[in-house]
Amino acid sequence: MSRETIPVTVLSGNLGAGKTTVLNNLLSTRTDLDVAVLVNDMGEVNVDAERVAEHSDISEDDEDLIELSNGCICCELRGDLLDALAKLAQAREFDYLVIESTGVAEPLPVAQTLTMGFDQGDLDPTEFYEETGIEVMDYYELDTTVTVVDAHQFWTTFDSKESLMDGDTEKDLGSLLIEQIEFCDVLLLNKCDLVDEETLGEIEDMIEVLQPRAKIIRTEHGAVDPGEILDTGRFDFEAASQSAGWLRELQQPHESAEEEHGVTSFVYTSRRPFHPERFAELLDSFPANVVRSKGHFWLAGREEMALGLNVAGRSIRVGSAGGWIATLPENERESYFEANPELEEIWDDKWGDRGTQLVLIGTDMDHDALRTDLNTALLTDEEMDADWTAFDDRFPTWDDGDSATPEEGTEEPTETTDDGAEEVGLAD
Ligand SMILES: Nc1nc2c(ncn2[C@@H]2O[C@H](COP(=O)(O)OP(=O)(O)OP(=O)(O)O)[C@@H](O)[C@H]2O)c(=O)[nH]1
């Protein structure tokens, strides 16, 4: 069979979750399917590629199996990924392509590379086109992003602060797991043979709140019907980027009802700024049962810029979330109002759109107690009239040249930690 475009499946998942097992299972049980494989491993020697070769008809010298080593396809190997895709396309025809990404890859940049193409490839696409008559990006279509999650290690990884280098940034396993869950079309909850029914239910409740859009499939030893991960047509960049539970919650806030296993979420909003020291103290001892929090906040004394909070597992990051609409020049502000008439409703005569909006997701959270704690960190009436610049403020500072609105703001998060007062220090 040959076809117009090759559907591409990207397999992500933490180290040891079972990505290679899924792949081996697919290749060894369905030899009738013409699948090419691209493996990205961080190691010197590409262990995964050797194992895939061992367990399937594909040999390591085979042009069907391409290995990318010494880097991660979500960062420094993006160009190499495109090179490899071009070489595969040139080598022969096949019906499906599966990319197994390294255990530290974030699915989003991989998806971006596959959907947006040659922003930094070593290979000149024009040259390739002249040689082959094939437009690489037209030849492939990102079809399904699959995250493999290790059910047995789930809670340990979720709470883990063990860090890994992800390109130039250090990431902890917990937040990587959350990012992988938040960006996928299909989630394989693997190693279900090692976990009891009650725990599986707890994990599923958490995953459903973090990622309401994905199809969750329980697997043992990576055995999954190929139709669930190949040529499913499920990938949609826009939908995938918008599917994280926290984002949905921000867009349509609602107090979620308690699930069977106590996983809930809610949105905290305030039109008063936080006191920098009291809010820092709150983050220092942030409750461990809040496993995910995202949003922007207003810190007294920082009237030019919204700050972004990003809590994932045990990692707490604070970054710039862009300027307030209130700080924009008059004409730009007016066009914002025209495009977003609902702004009128939240606009404050003195403070404009300044305020706080945070989603909190967690297990057994006491919503009222958390709201009270957050409210206690807000300025009091008396403090509202005080000189805000006199408050102690150990949050980092950023260049405020970025005029993005809070919702659109890209974060340049500064890693902060939350264990122990000494380590926590938000300031440098
Ligand atoms: N009991 C059990 N073991 C599994 C299952 N799936 C995979 N394993 C084992 O878990 C280990 C890791 O699996 P891999 O498939 O290598 O995991 P991976 O995600 O490819 O790992 P990296 O390539 O290191 O990121 C192997 O020893 C597998 O045999 C499962 O469902 N149950």
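How many helices and strands does the protein chain have? The protein chain has 17 helices and 15 strands, where helices (H or I, at least four residues) and strands (E, at least two) are DSSP runs numbered from the N terminus.

Colleagues, two remarks on conventions come before the details. Residues are numbered from 1 along each chain as its sequence is written. This is a predicted model, in which local features need pLDDT of at least 70, side-chain atom pairs count only at pLDDT 80 or more, and totals for chains, interfaces and linings use all residues.

I turn to confidence. The pLDDT is the predictor's confidence in each residue, from 0 to 100. The protein chain averages 77, and 70% of the residues score at least 70. For the complex, the predictor gives an ipTM of 0.97 and a pTM of 0.73.

Next, the domains. The assignment gives domain 1 (6-243) and domain 2 (252-424), with bounds that come from an automatic or database domain assignment. Contact between them involves 15 residues of domain 1 and 13 residues of domain 2. On the domain 1 side, β7 (169-172), α8 (173-182) and α9 (197-210) are the elements that give two or more residues. Of these, α9 gives the most, with six residues.

Finally, the interior. Buried residues make up 42% of the 428 residues in the protein chain; a residue is buried if 20 or more other C-beta atoms lie within 10 Å of its own, exposed if 12 or fewer, and partly exposed in between, with C-beta atoms placed from the backbone. The largest nonpolar core has 89 residues, such a core being a set of buried Ala, Val, Leu, Ile, Met, Phe, Trp, Tyr and Cys residues joined through C-beta atoms within 7 Å. Helix α3 (residues 78-91) gives the most to this core, with seven residues, and at least three residues come from each of domain 1 and domain 2.

Which residues have the most contacts inside this core? They are L97, V149, L187 and L188. Not counting residues up to four places away in sequence, V149 touches G13, A17, F154, I181, L187, L188, L189 and N190.

Key
Two residues are in contact if their C-beta atoms, placed from the backbone, lie within 7 Å.
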